[in-house]
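Subject: Handing over the structure

Hello,

I am passing this structure on to you, with some notes on what was found in it. Please keep the sequence and the 3D view open while you read.

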Amino acid sequence: MRSPASAGVSAFLGLTTFACSDAEAQTLPDGVAESALFQATLDRPSDLGAALRYAAQAKKSGDIEASIGALERLLFYNPSLLDVRYDLGTLYFRLGSYEMARGYFETVQKSAKTTEEMKERVQEFLDTIEKKLQPDQWSGFAQTGLRYQTNANLGPTQQPLLGATRPLNSLSAQPDGNWFGIVALNYVHDFGNQAGDVFEANILGYDAQQFNVTSFDTGFIDVRVGPRFGILQDALNGASIKPYVAITGASLGGEPYLGSFGGGVTMHLNWADVSFDPYVELRGQAYHNSTLYPYASGLNGSLTTVALQAGALINEGVRWQAKLAFNHSADATPWFSYNRVAFDFWLPLAAPSPWGGRNWTVTPSFGVAPWLYNQSNPTTSPFTTERDLEWRVGVGFDIPVKDSFGLGVQLQYRAINSNIPTNTIRNFSVSAGPTVSF
């Protein structure tokens, strides 16, 4: 619904500036431009260009309903526009109006003029809608494959999960390969009310078995459960809040290594065509001493995380995703306690397949994280408090093969530059293996 302020601007501009062209309207501030373009669609309701420009401007400002209204008015005058029907399907999908979205997608799919590429995109939406219309929804992802690392003792990349990890990283670099497997399962129960309340459960499992350096065999399972409640539905499109409980268990070198329990609160909202997911999480962490890692219990303590994830579509086939996080680890041994600020950025790109068929997804990524430890370690560096700068750069390839099967390939270079030379670490890894999603 258009606000009184927006209506007032429209009325004012109707008396003063609507002699301007659509192109001139694009140079105005967003709110004024949207009003100008809206008036243009009323003056020329069958004008394809004016309607599309207004719909794009409304979508950019986060007014999905206004964008839908413009496109539906356009269809009234031009019912054969398949691209407009497809766009309407995606917009209704974003609003959670899955029946409306399905109607538009099915019309596009049945048309003889629809390209095979568009039919594939439509079918993916229809498959997702079919799942979302069920009260109990399951989805998941799995991959298995081989990985080679120039520094196998760097361990997995989930450093906040495994604490400071210094008992691993202080060892000399050892190249090795491994077999790995990862499984992610998601369950959603839809309560079927107008607020969109659901119950969610997420399980992530990982295992890596080294070929030579078996002391670095790693496995973990992470479970998160909690209800998600829709909030401020009129003011914030698709907004929700979710309190959750998190439980984690990890093994290292074939023996129990970590047990973690905690929880947090996360929120989801869309604003100006950008999705935001802030969260706060607190976990207690209990490490277990073992023959290979006799001092692991020094990492016992708590881990607090405050983070913001965000993402948006740049244009067709190009999306950005980013995460900014602050970690505070308060450990039983003070020289393992640290503060860490991490920034990660991903840019998923749809790239044409070199042999035809469905597009590949190519995802360049970059991350940086300073680690600031609380005090010097009296056993290794009694006069120097450790300061590290971690950075990583990589690229991933998601290569569809058939239906839900594909091939995943990832290359990454990761470094930790430390003011204590023996703790400076370098690692290059490459992994590849078949994937399946459902």
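A crossing of two helices is called left-handed if the near helix is turned anticlockwise from the far one by less than a right angle, and right-handed if clockwise. Helices (H or I, at least four residues) and strands (E, at least two) are DSSP runs, numbered from the N terminus.

The model is a predicted one, in which local features need a pLDDT of at least 70 and side-chain atom pairs count only at pLDDT 80 or more, while totals for chains, interfaces and linings use all residues. Residues are numbered from 1 along each chain as its sequence is written, and side-chain values use heavy atoms, with hydrogens and water left out.

The pLDDT, which is the predictor's confidence in each residue from 0 to 100, averages 82 over the chain, and 80% of the residues score at least 70. It is below 50 over residues 1-34, a stretch that has 37 contacts (heavy atoms within 4.5 Å) beyond near neighbours in sequence. Residues 156-170 also have a pLDDT below 50, and this stretch has 55 such contacts in the model.

Now to the helices, whose axes are lines fitted to C-alpha atoms over the stretch in contact, with angles running from 0 to 180 degrees between N-to-C directions. Helix H7 (residues 98-110) and helix H8 (residues 116-132) have axes that come within 10 Å and cross at roughly 150°, which means that H7 is roughly antiparallel to H8. Angles over 145 degrees count as roughly antiparallel, under 35 as roughly parallel, 65 to 115 as roughly perpendicular and the rest as oblique. The crossing of H7 and H8 is left-handed, and the residues that make the contact include Phe105 and Val108 of H7 and Leu126 and Ile129 of H8. By class, this contact has 9 nonpolar, 2 polar and 5 charged residues, where Ala, Val, Leu, Ile, Met, Phe, Trp, Tyr, Cys and Pro count as nonpolar, Asp, Glu, Lys and Arg as charged, and the others, Gly among them, as polar.

H8 also packs against helix H6 (residues 82-95), at an angle of about 30° and with the axes 12 Å apart, so H6 and H8 are roughly parallel to each other. Their crossing is left-handed.

Finally, Ser381 lies in the loop between strand S12 (360-373) and strand S13 (387-402). Is Ser381 buried or exposed? Ser381 counts as buried because its relative accessibility is 10%, and buried means under 20% relative accessible area, exposed over 50% and partly exposed in between (1.4 Å probe, protein chains only).

Best wishes
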